[in-house]
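Student: Please take a close look at a single part, the place where two elements pack against each other. Please then connect that part to other local features.

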Amino acid sequence: MATKQFQCELSWSASRAKEFERCRRENWYGRYASWGWWTEKPRGEKYDIMVHKCLTSLPAYAGDCMHRAIERWFQLKQGGTTMTAKELYEEAVDLFREGWRQSSSDDWKARPNKSTHLLEHHYEVPIPKERTEAARALLERCANYFMNAPELAPVREAHPDNWRSLETMDTYQFLGTKIYAVPDFAYAEGDRVHIWDWKTGKPREADIFQLHTYALYACEKWSVDPENIVLYAAYLGEEKIQPIPVDLNQLSQAQDEMSSSLREMMDVHYDPDVDDLMMENWPASPEARKCGWCRFRALCPDAAK
């Protein structure tokens, strides 16, 4: 049987679009520069770039632990059991501790693309006790709000037969390109579909755009009328929910924004295996403040020092 040949194909997601807009050099490091690292023998530059690509910050990792703990809550519910708020919090803390152990030791090196490696540990940035305590308090606050908030009762009570998505990475085609969508949770209620996105940080305008891309996904994948979709940005750490009724004009605007972003990516996309690199397509951001927490600042010759 012939070995499948991997190809560096263009794909789009709201997070990739944000990265591309923030700094094209960061996008190049993240999407192209490490391509083929698994073929390097001995390990070399591509492997090193991959290691940097997999770095995550302490706040982002705390959020990821909360997402995985909530996913586990749903999985248990599907099997007929559930967690208390305390158990949900402890699940998130256990995940956090395991990732911290991997990152603070050399354990991450065994599977660098599958393990937790904190940016702070990699760059030897001191992590005072106040920051880890803030992360712990965030996880506790999120768990309590998820389990006890009346406005989240419809989520907790949704029957598994009506679930449409649970942290499931899926794709659909737009302008001949693979579009990624990962709704945190979605369920049907009659003809209506409710799409939820868990947030552990503060509200951002980009959150609304991301949710509208999930609405476009729902229209494509589940054949849902836009008027029957309701979006929710659930700011668990802030203990508030922002319902976002789908407005056809906003949905059309989001699709136009997707189209514009995707066409800009198409203009510079290349396959590192066969195409010549035109580095002028990947300028570093002129805003030095963006370099401060970039994963690739040690590699980028144009990063602000």
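Tutor: An axis here is a line fitted to C-alpha atoms, for helices over the stretch in contact, and angles run from 0 to 180 degrees between N-to-C directions. Helices (H or I, at least four residues) and strands (E, at least two) are DSSP runs numbered from the N terminus. The model is predicted, with local features requiring pLDDT of at least 70 and side-chain atom pairs pLDDT 80 or more, while totals for chains, interfaces and linings use all residues. Residues are numbered from 1 along each chain as its sequence is written, and side-chain values use heavy atoms, without hydrogens or water.

The part in question is formed by helix 1 (residues 14–22) and helix 10 (residues 248–268), whose axes come within 11 Å and cross at roughly 65°. This crossing of helix 1 and helix 10 is left-handed (the near helix is turned anticlockwise from the far one by less than a right angle). Helix 1 contributes Arg16, Ala17 and Phe20 to the contact, and helix 10 contributes Ser261, Glu264, Met265 and Val268 (contact means heavy atoms within 4.5 Å). By class, four residues of this contact are nonpolar, one is polar and two are charged.

A pocket is an open set of points on a 1 Å grid where a 1.4 Å probe fits, with protein on both sides within 12 Å along at least five of seven lines; lining residues have an atom within 4 Å of a point. Helix 5 (85–104) and helix 7 (129–148) each supply at least two residues of this pocket's lining. Among the lining residues are Tyr89, Phe96, Trp100, Lys129, Glu133 and Arg136. The lining comprises six nonpolar, one polar and five charged residues.

Within helix 4 (residues 58–78), Arg68 and Asp64 lie four residues apart, about one turn of the helix. Arg68 forms a salt bridge with Asp64, the closest N and O atoms being 3.0 Å apart (a side-chain nitrogen of Lys or Arg within 4 Å of a carboxyl oxygen of Asp or Glu). The whole structure has 21 salt bridges.

Most residues other than glycine have a negative phi, and most peptide bonds are trans. Lys41 and Pro42 are joined by a cis peptide bond, with omega about 0°; Pro42 lies in the loop between helix 2 (24–33) and helix 3 (45–53). Ser223, in the loop between helix 9 (205–222) and strand 7 (229–235), has a positive phi near 55°.

Conventions:
Nonpolar A, V, L, I, M, F, W, Y, C, P; charged D, E, K, R; others polar.
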